[in-house]
Amino acid sequence: MVFHWRSIFLLCTLLFLSTLTGCMPGTQKSQPKQPSSPEHPQPSTYFSPKEREVANLPTLEGGPEYSIRKPHPVSNDLLQRKYPDVFVLRAPRNRNEVALTFDDGPDQRFTPQVLDVLKKHRVKATFFLMGSRVKALPEVTRRIRDEGHVIGNHTYWHPNLPKESVERMDWEVRETEKSIQQATGDRPRFFRAPYGEMDEKRLRRLRDMGYYITGWSVDSLDWRQLPTEEIKHNVLSNTHPGSIILFHSGGHWTQDLSTMVEALDEIIPRLKADGIRFVTVPEMVKKGS
Ligand SMILES: [Zn+2]
């Protein structure tokens with residue numbers, strides 16, 4: 001009888017302890033599902049207050065560019081040929097113009113540096129912004145608009161669109177429109193898909209929503225955090241009249257884009273010396289912003 005009561009006491013103690021440590025099956029609290037929210041990197045005490053501020057910037061839901069990006073030169077080209085009035089990949093070569101484009105901003109670190117370089121060289125560009133970041137940084141968004149650049153829609157949380165429903169894409173596009181309109185008063189008319197991932201069904205839906213879909217013909221590969229010289233080489237050896245050149249003015253919070261900023265400062269005068277003019281995407285395709 002004594003043994004029996006001791007066994008019951010031991011069993012109760014074990015049950016209590018395992019409940020506290022959460023190791024009993026069924027005792028762990030399930031995490032609330034947030035399909036439209038990305039995981040935010042949790043800032044640790046290791047980071048300075050400035051770094052923690054940066055860490056709180058909404059991140060790319062679909063993942064960093066280097067883990068998702070797959071070039072689709074043929075499928076994007078076929079889409080462009082089938083929908084030449086709504087899918088922009090490049091402009092004809094008969095004008096000495098290129099368009100600089102910057103994705104994934106605004107952020108606090110690199111977007112202001114990009115704007116400084118563009119201002120220094122008196123060049124206008126097109127920024128495809130994430131709605132969640134516009135909402136977090138409306139003053140940086142307004143600076144982009146106030147300095148004469150064009151703002152495009154790059155979804156709210158940066159999901160990989162073909163893996164999501166068309167309804168989810170509608171939400172992403174509308175919510176980003178709202179954020180940009182609240183910050184600047186303007187509605188964007190140009191759209192760029194996260195990771196450049198687009199298909200015919202989604203393209204038709206975006207067309208019906210009144211958007212021009214914008215790709216690129218030259219990739220700086222700045223998202224790979226390459227040395228300045230390599231970014232310069234990628235751009236200068238591939239650019240032709242009519243190029244749409246892809247850069248990033250923000251990214252995952254661990255990403256350092258400072259070599260891109262240095263390269264940009266050298267690329268612009270080199271192209272100008274060759275007689276190239278810099279235009280926004282709407283100017284390039286004569287569609288108005
Ligand atoms: Zn992006």
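This is a predicted model: local features need pLDDT of at least 70, side-chain atom pairs count only at pLDDT 80 or more; totals for chains, interfaces and linings use all residues.
Local features are reported where pLDDT is at least 70, side-chain atom pairs count only at pLDDT 80 or more, and totals for chains, interfaces and linings use all residues. Residues are numbered from 1 along each chain as its sequence is written, and side-chain values use heavy atoms, with hydrogens and water left out.

The zinc ion is coordinated at 2.1 Å by D104 through OD and by H154 and H158 through NE2, where donors are N, O and S atoms within 2.8 Å of the metal (3.2 Å for Na, K and Ca) and where, water not being among the atoms, sites may look incomplete. The spacing of these donor residues in sequence is D-x49-H-x3-H. Since D104 belongs to strand β2 (residues 97–105) and H158 to the loop between β4 (150–153) and α8 (166–184), the pair ties together parts that are 54 residues apart in sequence; helices (H or I, at least four residues) and strands (E, at least two) are DSSP runs, numbered from the N terminus. Both D104 and H158 are buried, a term that denotes under 20% relative accessible area, with exposed meaning over 50% and partly exposed the range in between (1.4 Å probe, protein chains only).

The loop between β4 and α8 also holds T155, whose phi is near 70°, a positive value in a residue other than glycine. T155 counts as buried because its relative accessibility is 0%. A positive phi of about 55° is likewise found at Q225, which is not a glycine and which lies in the loop between β7 (218–219) and α10; at 36% relative accessibility, Q225 counts as partly exposed. Most residues other than glycine have a negative phi, and most peptide bonds are trans. A cis peptide bond, with omega of about -5°, joins G105 and P106, and P106 is placed in the loop between β2 and α5.

The largest nonpolar core comprises 35 residues, and those with the most contacts inside it are L100, F102, L118, F127, F247 and L264; such a core is a set of buried Ala, Val, Leu, Ile, Met, Phe, Trp, Tyr and Cys residues joined through side-chain atoms within 4.5 Å. At least two residues of this core are supplied by each of β2, α5 (111–120), β3 (126–129), α8, α10, β8 (244–248) and α11 (258–273), and the largest share, seven residues, comes from α11. Apart from this core lies another, of 16 residues, among them L79, L89, V173 and M209. When neighbours within four places in sequence are left aside, L118 is in contact (heavy atoms within 4.5 Å) with L100, F102, V123, A125, F127, H149, L264 and I268.

In helix α9 (residues 200–208), the residues R202, L203 and L206 are buried. They span an arc of only 100° around the axis, and therefore lie on the same side of α9, the arc being that of the directions from the helix axis to the C-beta atoms. The face turned away from this buried side carries the exposed residues K201 and D208, and just after α9, G210 takes a positive phi of about 90°.

Helix α10 (residues 228–236) contains L236, which is partly exposed, with a relative accessible area of 23%. Leaving aside its neighbours within four places in sequence, L236 is in contact with I267, R270 and L271, while the C-alpha atoms of L236 and V218, which are 18 residues apart along the chain, are separated by 9.4 Å.
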